[in-house]
Amino acid sequence: MATQLVKCSRCKTIITIAGKPGDKLNLTCPQCNQKGVFTFPKEKIIQPLPGNLATIEVSNLTKTYNDFTAVNNISFHVKKGEIFGFLGPNGAGKTTTIKAMLDLLHADQGTIHLSGIDVRKHGKEAKKHVGYMPEKVAFYDNLTALQNLEFYAEIKHVSKEECPSLIKEFGLADAGKKRVGTFSKGMVQRLGMARAILGNPPILILDEPSGGLDPRGVVQIRDKIREMKKKGTTIFVSSHILSEIQEICDRVGIINKGILVAQDTVDGLRKKLSLKPQLTVTVDSLSTKIENAVRNLPGVDRVTAQQNTLEIICDGALKAKVILAITNAGGSIQNLQTKEPTLEEVFMRYTEA
């Protein structure tokens with residue numbers, strides 16, 4: 001039995017109803033007596049991947065808090081050795097999804113499998129396969145970095161021998177014997193990443209791993225994520241640094257207002273939105289004839305002229321025709337650059353109100 005929040009089309013009163021997937025209910029608003037019909041969506045079934053390669057499987061996940069639906073019937077999978085970026089505005093449901101994946105909160109409906117283990121039924125066993133870095137990393141302030149890592153190694157039943165080398169790897173060797181309460185945010189963040197990869201877990205779940213880091217620290221975390229991928233680790237990463245996500249992720253999912261509005265490769269999402277690259281062409285002397293020659297090409301969406309430079313939004317395949325049109329119109333090209341649509345543009349389009 002599932003619950004669903006329904007808003008009256010007339011007076012906007014929200015009521016809670018219950019039913020099974022496929023049930024069709026006749027409703028009457030208790031406030032204004034408006035009548036209507038609601039059909040519960042049929043349950044989506046995710047087919048297993050060939051060779052059981054999906055190490056994270058989330059199906060029909062829903063979580064509500066009183067009258068607020070934080071996550072609304074979302075489904076996705078992450079394959080072995082894949083880096084999956086999870087994006088969304090503040091309050092979109094990212095952290096709720098992650099906590100449900102780790103059985104840190106109980107979802108209203110849906111199933112979650114980590115390495116084939118049902119998290120809701122066997123949470124303790126499933127979490128043995130996971131390294132987790134929360135958005136707000138915390139340690140025991142009165143213990144040193146080494147003591148903290150050794151404590152968590154005991155909890156995870158992994159060897160303490162790797163703790164000193166991890167501290168050194170993440171640039172904390174000089175501070176390894178200092179109490180964590182004296183650490184900067186960036187130092188705590190790096191120690192958090194070291195804790196997450198203790199024991200080389202097959203699944204990493206990282207919530208804002210680059211938060212509070214300087215550029216050197218960001219590069220260090222990014223390189224470590226790529227290294228873990230090469231080892232076959234499955235990585236689920238949520239971040240607000242879209243340039244980082246674009247650079248390291250194989251696929252991304254975008255959640256907005258609790259609904260998973262898109263999931264694909266970055267290139268795939270660009271194509272779905274028909275986003276086109278920008279050509280920036282600098283000529284020796286710009287004339288109206290040159291500008292019109294480019295503007296009149298089929299497939300050119302927009303042309304902006306400034307001094308001796310043209311900014312052209314068009315299909316990438318038109319680059320050769322743009323060059324030819326400029327040359328035939330008497331222009332001599334001094335410089336040409338192509339800028340592909342960024343993940344930021346994709347994100348903004350999918351999360352528009």
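**Ground rules.** I am working from a predicted model, where local features need pLDDT of at least 70, side-chain atom pairs count only at pLDDT 80 or more, and totals for chains, interfaces and linings use all residues. Residues are numbered from 1 along each chain as its sequence is written, and side-chain values use heavy atoms, with hydrogens and water left out.

**Entry: Arg-270.** I found Arg-270 in helix H8, residues 266-272. (Helices are DSSP runs of H or I with at least four residues, strands are E runs of at least two, and both are numbered from the N terminus.) Is Arg-270 buried or exposed? Its relative accessibility is 11%, so I noted Arg-270 as buried. (Buried is under 20% relative accessible area, exposed is over 50%, and partly exposed is in between, with a 1.4 Å probe and protein chains only.)

Next I looked up the partners of Arg-270. Its side chain makes a polar contact of 2.4 Å with the side chain of Asp-267. (A polar contact is a pair of N or O atoms within 3.5 Å; within protein, one must be able to donate a hydrogen and the other to accept it, and residues adjacent in sequence count only if both atoms are side-chain atoms.) Setting aside residues up to four places away in sequence, Arg-270 touches Gln-246, Leu-275, Glu-340, Pro-341 and Val-346. (Contact means heavy atoms within 4.5 Å.)

**Entry: H3 and H4.** I then turned to helix H3 (residues 145-156) and helix H4 (residues 162-169), whose axes come within 9 Å and cross at roughly 130°. (Axes are lines fitted to C-alpha atoms, for helices over the stretch in contact, and angles run from 0 to 180 degrees between N-to-C directions.) Which residues meet here? From H3 I listed Ala-145, Leu-146, Leu-149, Glu-150 and Ala-153, and from H4 Cys-163, Pro-164, Leu-166 and Ile-167.

**Entry: Thr-96.** Thr-96 sits in helix H1, residues 94-101. I have Thr-96 down as buried, at a relative accessible area of 15%. Beyond four places in sequence, Thr-96 touches Lys-63, Tyr-65, Ala-70, Val-71 and Leu-105.

**Entry: Asp-301.** Asp-301 belongs to strand E16, residues 300-306. Leaving aside neighbours within four places in sequence, I found Asp-301 in contact with Lys-276 and Ile-313. The side chains of Asp-301 and Lys-276 are joined by a polar contact of 3.2 Å.
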